[in-house]
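Here is a friendly briefing to read with the structure beside you. Take each topic in turn and look up the residues as you go.

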Protein chains: 2
Amino acid sequence: MGPEFTLEYIQTLIAGGERGALEAGLAGLHSADAAERMLGLEPTEVAHFVQLLGPDKALPVFEFVPLDVQKEALKHLDRQTLVQLTTLMSPDDRADLVEELDEDFKDRLLSLLSANMRQNVRRLMDYPEDSAGAYMTTDYALLHPDSDVQSALEEVRLQAATAETVYYIYVVDRSLHLLGLVSLRDLIVARRRSRVGDIMSKPVISVRADEDIEEVAKLTTHYDFLAVPVLDDQGRMLGIITFDDLYDIITEEATEDMYHLANLDTDEKIDSPLMRSVKLRVPWLLSNLATCLVPAYVVSLFAHTIQEAVALASLMLIVASLGGNAGNQSLTVVVRALALGEIKLRHNQRVLAKQVAVGMFSGLIAGMVIGTIAYLWYGNPWLGLIVWLALVGNLIIAGLFGALVPIILRRLKLDPALGSSIFVTTATDVGGYSIFLGLAVLVMPHLAGR
Amino acid sequence: MGPEFTLEYIQTLIAGGERGALEAGLAGLHSADAAERMLGLEPTEVAHFVQLLGPDKALPVFEFVPLDVQKEALKHLDRQTLVQLTTLMSPDDRADLVEELDEDFKDRLLSLLSANMRQNVRRLMDYPEDSAGAYMTTDYALLHPDSDVQSALEEVRLQAATAETVYYIYVVDRSLHLLGLVSLRDLIVARRRSRVGDIMSKPVISVRADEDIEEVAKLTTHYDFLAVPVLDDQGRMLGIITFDDLYDIITEEATEDMYHLANLDTDEKIDSPLMRSVKLRVPWLLSNLATCLVPAYVVSLFAHTIQEAVALASLMLIVASLGGNAGNQSLTVVVRALALGEIKLRHNQRVLAKQVAVGMFSGLIAGMVIGTIAYLWYGNPWLGLIVWLALVGNLIIAGLFGALVPIILRRLKLDPALGSSIFVTTATDVGGYSIFLGLAVLVMPHLAGR
């Protein structure tokens, strides 16, 4: 095997222009792994790497290099290599990369591309960020319905060099209207003389280019499709979204929900620069401040009550904390079910009623334990009783708001996870403190002095 | 189209034994959609449906019926249909279903199957729940290296009827040791006389049957594979895991992390029966109680301080609440990065240092705003100052514990998300109350009476 194919060794080979040794080292590696070992290369080194190997051999690795490094590396390529590399890229990757470039360089690069390709890049860049159009590739395999299977297989063989996948092949008429779908499995099994139009399956489930990518993911995984076609308003093929994109999309959508539940900006990454993370988090903390001023104000209204029975100051925390926890439980169950399409609009009331009931019963059971502890701690049964009652009340609030907030956000066509935990926690904090301290006022003669 | 293909209509057709109309209605529908419309059918009706259509035509729809309905429906099938249907199922689905059956019925069914199939089911059921073995199917396409492409294509055509996918074909020796991989794309493009052994790619990236399914998902999506082979300790093929399983696995793993962050049991579903949800949630609420008794106790130690300056009772809530929020931010970023494999062990210290620094700077900035509000609210600059300082301190604690807890859980080979938010919130609650009230004690002469 020779020396280990480490970052340092790769750097030496690139610097020394040792094309043969580089190719040998890459031969035993998957491109994704090669790109991973090359993390840490300067963009100029990546550019040298591309020049050295030539665009066609370098591309499989280059595709796995992070976008911000790709972007910088392009600037150091000679004109011919730049055009060749960009031309070889798959249309969706190309559009994503061009979109990242600085305006000047973007214009220069676009002017170097063929008119067709320039138009293709421009069209792909035009789709909104979270739409099907932004994720699709325009390199798909297609057939006409009148071909026989024998010649269809020949055509697919020719298209295999460029198409993103040849396992689903789309059957279209002359104006690219989608008529049906044949899988390569269907084709190799079919009799050689059958007509493609006779063996294709139809209707084909498809999405529009402006469809929300989260819906596309739901649809595709629902049907276990390997790829899904993207159509324009007239039902003509624009592109396809394939399973490997779907891996990323499902992962990204889940990350987005988790981040939103934790009041985090989705732009934050584990390796974001320090001050960028700070900048992204402070607004969320301040919006949380705005809402936690409400419970703080509620408590300040009961200042006199607390002064008379200071045990309340610590016990009220338990009521609020468990309420927050229960609210977050209901919220998470409902947000996830909405994201996965498990809640239909007509089920809203049932979902709501159940979460409220879960809150009530959990409150009755957990409240009994907690009330008993409060009683034993301060030796006052009245304290135990109001802790219990307040917990039941607050867990009902938790179930109600935990289900209601995401359902309302969804109705308003907003992300059900976004900022929802702030609303729910505010509700359970206000609910917990006011019910508990309110009850304390009622039974004050039995508490005072504790 | 005739009448709409609704649940009621399907029920009528099944009751009337109208096979023709049922088939006609199903013809225009994807099986996943047909199964969705049939949600609400009694298991006996599902069984009638299978009897009526015959196992081969009913299976595509039956596969999409929820597992608990499948399980009940089986009991109402006649013996021949039962055996045929089970035999036709894909091995992984079959094993999943048999695993769900009651012991008696399971034994009866297994005794009806062929010896080979019985062994196959037993082997698949033996793999631990979250292992690669539990998710794989044993119906994969395979070739020998000495075949030429022409005859390989013939063989694949024959295997297409049963193999889960024919797009990745595994090249094995006579004892099933995995030698290489050819894609169907490679095969149709290759010259007819080439040897499979010469065009196959190798080494093939594979997983062991006992590998954690989360790691399998990470690997497969990293390489954008359509399927991944599962091997035994000797490197022999046991099965494959395909892209459609991966859609589910990625989704399930994300749900698991979200649920664990919200202290929810992963067995809870949006439509779990009420008392089951209560049963699953109460233990979590009580474990949260155990930890929120600590901050409540800390506050009780400062009872005298609070009595002297009751403004503290409301302001301490803000310090704790923002600390909890910031802790949850760090926790979520780190848990997600761990789940996606973005943090290597050697990066732990850097991750920790960054989260602490983010906490400190966020505390300095947000604390200034909050301190000013506290000052204006109660007209006391000392109150503002200690709110500010306490917030800086508590947000450092938030960053520290938000990063430390999941990293330690991972080191202990536990799920980094499981129960972690309880630890982090306890840390920020205790930290928030004790720093804030402790500072209050120090400056008490300037606060008393407020």
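P203(A) sits in the loop between α14 (196-199) and β4 (207-208) of chain A; helices (H or I, at least four residues) and strands (E, at least two) are DSSP runs, numbered from the N terminus. The peptide bond that joins K202(A) and P203(A) is cis, with omega about -5°. This is a predicted model, in which local features need pLDDT of at least 70, side-chain atom pairs count only at pLDDT 80 or more, and totals for chains, interfaces and linings use all residues. Residues are numbered from 1 along each chain as its sequence is written, chains are lettered from A and ligands numbered from 1 in the order in which they are written, and side-chain values use heavy atoms, with hydrogens and water left out.

**Backbone details**

- In chain B, the bond from K202(B) to P203(B) is cis, with omega near -5°, and P203(B) lies in the loop between α14 (196-199) and β4 of that chain.
- Most residues other than glycine have a negative phi, and most peptide bonds are trans.
- N263(A) has a positive phi, near 55°, and is found in the loop between α16 (243-261) and α17 of chain A.

**Where the chains meet**

- The contact (heavy atoms within 4.5 Å) takes 108 residues from chain A and 108 residues from chain B.
- About 9600 Å² is buried between chain A and chain B, and carbon and sulfur atoms give 69% of that area; buried area is the accessible area (1.4 Å probe) that two parts lose on being put together, summed over both.
- R185(A), Y247(A) and I270(A) supply 9% of the area that chain A buries against chain B, more than any other three residues.
- Helix α17 (residues 274-301) of chain A gives the largest share of the side of chain A that touches chain B, with 18 residues.
- How many salt bridges are there between chain A and chain B? The count is zero, where a salt bridge is a side-chain nitrogen of Lys or Arg within 4 Å of a carboxyl oxygen of Asp or Glu.

**A salt bridge in chain A**

- Over all chains, the whole structure has 28 salt bridges.
- One of them links the side chains of D102(A) and K75(A), at 3.0 Å from N to O.
- D102(A) is in the loop between α8 (91-100) and α9 (103-112) of chain A and K75(A) in the loop between α6 (67-74) and α7 (79-88), so the pair ties together parts that are 27 residues apart in sequence.

**Sheets**

- Chain A has an open sheet of three strands in the order β1-β2-β3, with mixed pairing; two strands pair if DSSP finds at least two bridges between them.
- Its edges are β1 (142-143) and β3 (178-183) of chain A, each with a single partner strand, so one side of each is left without a neighbour in the sheet.
- Strand β2 (residues 168-172) of chain A pairs with β3(A) in the antiparallel sense over five bridges, and V171(A) has G180(A) as its bridge partner in β3(A).
- In chain B, β4(B) and strand β5 (residues 227-231) pair in the parallel sense over two bridges, with L231(B) as the bridge partner of R208(B).

**Helix α21 of chain A**

- This helix (residues 381-411) has 31 residues and reaches 45 Å from its first C-alpha to its last, close to the 45 Å expected at 1.5 Å a residue; the expected span is 1.5 Å times one less than its number of residues.
- Just after α21(A), K413(A) takes a positive phi of about 60°.
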